[in-house]
Amino acid sequence: MEGPPAMTGTPDLLYSDVETDLRASVRDLLTDHGDPAALLARVESGEPYDLKLWRTLAGDLGAAGLLVPESLGGQGASARETALVLEELGRGLAPVPFLGSAVLATCALLHTDTTQQPVAELLGRLASGAAIGCLAVPLSAMPGTGFPTGVRATAEGRLTGRIGTVADATVAETLVVPAAGPDGAGLYLVETRAAGVTVAEAVPLDLTRRLADVTLEDAPARRVAGQDTAAAAVRAALLAGAALLASEQLGLAQWCLDETVAYVKQRYQFGRPVGSFQAVKHRLAEVYLHLVSARAAARAAADTLARDDTDLPVTAAVAQAYCAPAAVHAAEECIQLHGGIGMTWEHPAHLYLKRAKADELALGTPAKHRRILAGLVDLPG
Amino acid sequence: MSTVDSEGDAEDLRSRVREFLREHDHTVMEPLDFLRARFDAGLAWVHFPAGLGGIGAPRAAQAVVDAEFEAAGAPDNNPRRIGIGLGMAAPTILQFGTEEQQRRFLRPLWTGEEVWCQLFSEPGAGSDLAALGTRAVRDGSDWVVEGQKVWTSGAHVARWAILVTRTDPEVPKHQGMTYFVCDMTAPGVEVRPLRQITGEAEFNEVFLNGVRIPDAQRLGEIGDGWRVAQATLMNERVAIGGRPTPREGGMVGVVAQTWRERPELRTPELHDRLLRLWVEAEAARLAGDRLRQQLAVGRPGPEGSAMKLAFARLSQELSALEVELLGEEGLRYDDWTLRRPDLVDFTGREAGYRYLRAKGNSIEGGTSEVLRNIIAERVLGLPTEPRADKDVAWKDLPR
């Protein structure tokens with residue numbers, strides 16, 4: 001009998017000083033850009049994304065280009081810093097297309113031949129925030145479950161097909177579309193303004209990350225990766241996305257815990273602060289316990305991704321299988337321990353629950369990640 | 001800050017050990033003589049002061065020294081058997097003991113010549129340690145002790161005990177306690193095995209009937225026993241932090257191995273439970289690594305209490321899963337004979353034993369309920385519950 005594969009080393013699970021500084025900058029920026037009430041007003045408006053915030057994040061802080069090498073116009077940082085930004089975006093539930101553009105689309109393109117002029121140019125524009133991209137796969141797509149086949153390409157590079165529930169597509173200018181062409185799998189760039197492209201907004205469970213159904217009818221496209229490269233690029237992007245989404249879930253859970261702790265300290269019932277009741281304390285201690293492990297799991301995934309460690313498939317699956325339910329638990333406890341106010345539209349707790357639950361389905365559910373893990377660590381069903 | 005600052009410092013330590021090994025050939029020396037010499041050379045617990053088994057090095061230096069001795073195949077001081085001495089008694093004696101006490105007790109403690117136990121818990125005072133009622137009354141230069149302790153690991157092999165007593169029942173419970181070193185061979189000390197759920201007697205009840213303790217064996221001031229006991233318990237929690245474990249180290253590895261070796265036992269329902277617990281165990285293991293990395297850079301976090309909670313739940317759920325996985329075999333038990341083990345050996349026994357013994361993990365060393373309170377109050381800053389015992393003299397408390 002075999003056992004789990006050997007690890008190549010203990011990941012660095014701490015935050016570096018640079019990362020801590022970056023956290024402070026992102027948090028300051030998000031605080032300046034509005035409170036939960038403003039967020040609520042925005043997601044119900046005609047402009048649910050805060051593109052001004054996005055441009056500042058990308059332009060002033062370089063957040064969108066962290067994963068992109070300096071030679072291509074990015075910051076040349078790593079997945080560790082990217083994870084940190086996601087922690088803060090999760091904490092603030094910032095309505096920006098970071099996951100779709102700076103993570104999924106960027107990662108997919110980085111795994112193609114980046115010396116191609118259109119790829120290099122697009123990566124530069126994504127890194128600077130001049131353009132928003134998105135990887136045209138359903139947000140629920142799972143790393144390691146085969147190449148999407150919903151879109152077909154002609155030899156002339158025209159695409160036809162439909163992809164449902166694509167995250168961040170509503171604000172994207174360029175779609176990175178996996179499609180089956182005459183020579184097999186391919187990765188194509190499609191401009192959303194082009195003829196034959198329809199991006200129809202769906203009503204999303206998570207109001208702060210918008211979804212769209214993308215329909216392509218003989219839409220013009222440019223192929224940037226062929227068989228093998230295309231499949232590997234999609235796989236790598238989804239794996240990186242799953243590994244990094246854990247940090248968003250961590251930040252989200254941290255907000256839920258902090259907010260709930262603050263609330264039960266100041267809310268009195270039966271002549272005592274609600275937070276002095278043991279039944280309440282123990283529930284919050286459980287949320288804290290999950291956060292301690294979630295932080296370690298999310299950091300491990302980010303660090304193995306940053307080092308391109310062969311253990312990445314395991315750490316990513318562990319991070320998703322652990323952090324996704326931990327975030328949902330934190331958001332559910334946030335609502336319960338806020339009592340009646342937690343059920344209202346005016347309190348932001350529901351936005352966090354909606355994001356936590358949507359994140360649980362995003363990039364593979366915990367159950368799917370556990371099944372992947374079963375194969376990786378030799379625990380067959 | 002407790003780090004070995006550079007690889008240069010680590011290399012200095014290693015060469016110091018190698019020099020010691022050149023002068024003391026463990027292949028010909030008696031193990032005990034070797035250990036005494038190691039203590040005298042300051043290479044026992046290197047963060048202790050010179051003359052007391054150390055060289056005043058940073059705490060992190062210990063791992064470097066231990067690894068070097070281990071690599072040479074030198075005898076160790078069997079820390080499993082005397083864990084309470086090393087983890088709890090020694091740091092307390094170092095912090096609160098007189099120089100005379102330190103010189104008398106620390107060397108035989110470290111070499112394992114003298115085993116220590118801990119007389120804290122009582123039948124009426126477990127989690128609420130400050131409620132304890134074992135009395136110590138001054139009689140000339142001695143104290144006379146009357147009372148009963150419980151859950152005492154190793155009392156039947158111990159030479160010495162750390163003991164907390166009540167010396168003033170007229171003041172509130174935290175104020176009237178005093179801490180002693182108790183001679184376990186003194187007249188009036190009676191040790192009885194306490195048989196537990198597993199059938200074995202890992203613990204003891206200890207009866208103290210008119211036991212005389214010289215005042216010279218007091219640790220700390222009269223009435224200051226609570227503070228000394230708190231220091232002891234803090235050291236216990238530090239000791240739980242322990243060494244890094246590999247992936248699938250501990251209970252999860254035992255269950256995973258059974259799963260791999262016995263495909264005929266697998267069911268889809270148990271498969272998902274196993275994977276959930278595998279993920280939890282891996283996340284908790286990484287959290288332990290993270291805690292150690294924080295300590296290594298001198299930024300200890302409050303995560304330790306959470307780790308103990310996680311460990312207790314995991315070992316209970318994994319051992320329960322294993323019994324169910326075994327099906328018909330899970331109906332059997334390996335051995336109900338009354339035994340007196342020196343250490344808890346989760347891997348040396350069968351699934352039923354692990355299942356039963358793990359029930360203690362959420363009770364011993366601070367119950368999960370008390371730990372959740374600690375997290376809630378000290379980490380999250382939530383208000384304490386109203387207390388009925390705060391300004392009341394111990395003798396007037398309901399019990």
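I note that the model is a predicted one.

I then checked the length of helix 7 of chain A. At 1.5 Å a residue, its 38 residues should span 56 Å, and the end C-alpha atoms are 56 Å apart, which agrees.

Next I looked up how helix 5 (residues 98–110) of chain A packs on helix 7 (residues 229–266) of chain A. The angle is about 145 degrees and the axes are 7 Å apart. Helix 5 of chain A supplies A:Leu99, A:Val103, A:Leu104, A:Cys107 and A:Ala108 to the contact, and helix 7 of chain A supplies A:Ala233, A:Ala237, A:Ala240, A:Gly241, A:Leu244 and A:Leu245. The crossing of the two helices is right-handed.

I turned to the largest nonpolar core, which has 180 residues; A:Phe98 and A:Leu216 touch the most other members. Helix 7 of chain A gives the largest share of this core, 20 residues. Beyond its neighbours within four places in sequence, A:Leu216 has contacts that include A:Val151, A:Leu159, A:Ile163 and A:Val197. I found another core lying apart, of 34 residues, among them B:Phe48 and B:Leu132.

Lastly I examined B:Ser305, which is placed in helix 9 (residues 304–325) of chain B. Its relative accessibility is 14%, and buried means under 20%, so I count B:Ser305 as buried. Leaving aside neighbours within four places in sequence, B:Ser305 is in contact with B:Leu371, B:Ile374 and B:Ile375.

Notes: Residues numbered from 1 in each chain as written. Chains lettered and ligands numbered in written order. Predicted model: local features only at pLDDT ≥ 70, side-chain atom pairs only at ≥ 80, totals over all residues. Heavy atoms only, no water. Axes fitted to C-alpha atoms, helices over the stretch in contact; angles between N-to-C directions. Helix = DSSP H or I, 4+ residues; strand = E, 2+ residues; numbered from the N terminus. Left-handed = near helix turned anticlockwise from the far one by under 90°. Contact = heavy atoms within 4.5 Å. Expected span 1.5 Å × (residues − 1). Buried < 20%, exposed > 50% of the residue type's maximum accessible area, 1.4 Å probe, protein only. Core = buried A, V, L, I, M, F, W, Y, C linked by side-chain atoms within 4.5 Å.
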